[in-house]
Amino acid sequence: MKKSIATLLIAVATLSSIFAAPKKSKKATIEIKLGVVGSIYEDLWAPAQKALKEEGINLKIVQFSDYVTPNNALSNGEIDLNAFQHRIFLEKDAEAHNYDVKLIGNTFIIPLNLYSSKVKSVKELKKGAVVAIPNDVTNGGRAYKVLAAAGLITLKASAGFNPTFDDIETNPSGIVIKELAANTIPSVLVDVDAAIVNGNYALDFGIKTESAIFKDTSVDEKAYWNLIAARGADLKDPAKVEIFRKVVKAFQTPETEKVFNETFGGYFIKEGWEIDEF
């Protein structure tokens, strides 16, 4: 009798094993390193990170403190993608350093406004007022356009897309222009009369767009659309291209736009999401 019961229990255990639900195999996680400049990107990319995690992609945000390093890091393979620059910056930086770095998707455009902790309007700036602007070629060129639009200077008709100090035709307000590294400008705002501050640094330092004494008028220019970039060599690998497409798609969503509008008060404006840049 005991032998029969034992045999029956073994049989039941065997059947249970055969018909048990198969265990789900754990999906391998792929890590993609994304280079950015400024803590705001942690919030901007949070919805994409969450969506990508469900697809087995761990999007790791890698912070850089300046605009010089991220393209170099991407070119050297230290990171897989970066998202900190606009089109004209990428074009000039890649040309200057022979980087094989390509645009793969558009993100947004942000204004390059003029701020001051000393005056409330451009008209209040006195002769000899010191105005700080970014010293890199592309943001510097854009800054000179902002100063011209604000009526502080005029530019020569021969000035190119990225004007420089030498392209100033007149300086009727008598301002003194001080070119500084973009990441240092917010911290010296109290020491100058006014400054043009890059959007990401303005947000990092809690500078509100509504406090600008003059708002950027160049936001409609396609060359200033911010983007996601990848190494040209990686774009020859179909497997990597598939992953990068998922990253771009994960960013270009209503959830991200909600962050633009609700977290940052519309400071960011989506641009070029309908364009396939691959």
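How many bridges join S6 to strand S11, and do these strands run parallel or antiparallel?

Reply: S6 and strand S11 (residues 194-197) run antiparallel and are joined by 3 bridges. One of the pairings involves Asn113, whose bridge partner in S11 is Val197. The model is predicted: local features need pLDDT of at least 70 and side-chain atom pairs pLDDT 80 or more, whereas totals for chains, interfaces and linings use all residues. Residues are numbered from 1 along each chain as its sequence is written, and side-chain values use heavy atoms, with hydrogens and water left out.

The two strands belong to an open sheet of 4 strands with mixed pairing, in the order S6-S11-S7-S10. Strand S6 (113-115) and strand S10 (176-180) form its edges, each pairing on one side only; two strands pair if DSSP finds at least two bridges between them. On average, neighbouring strands of this sheet are turned by 25° against each other, direction ignored. Across strand S7 (130-134), S10 and S11 lies helix H6 (residues 137-149), which runs at about 140° to S7. Such angles run from 0 to 180 degrees between the N-to-C directions of axes fitted to C-alpha atoms, for helices over the stretch in contact (heavy atoms within 4.5 Å). Helices (H or I, at least four residues) and strands (E, at least two) are DSSP runs, numbered from the N terminus; the protein has 10 helices and 13 strands.

Elsewhere, helix H10 (residues 254-263) has Thr256, Val259 and Phe260 as its buried residues. They lie on the same side of H10, because they cover an arc of only 100° around the axis, taken from the directions from the helix axis to the C-beta atoms. Exposed residues Pro254 and Glu262 are on the face turned away from the buried side of H10. Buried means under 20% relative accessible area, exposed over 50%, and partly exposed in between (1.4 Å probe, protein chains only). The cover over the buried residues of H10 includes helix H2 (40-44), helix H3 (46-53) and H9. After H10 comes Gly265, with a positive phi near 55°.
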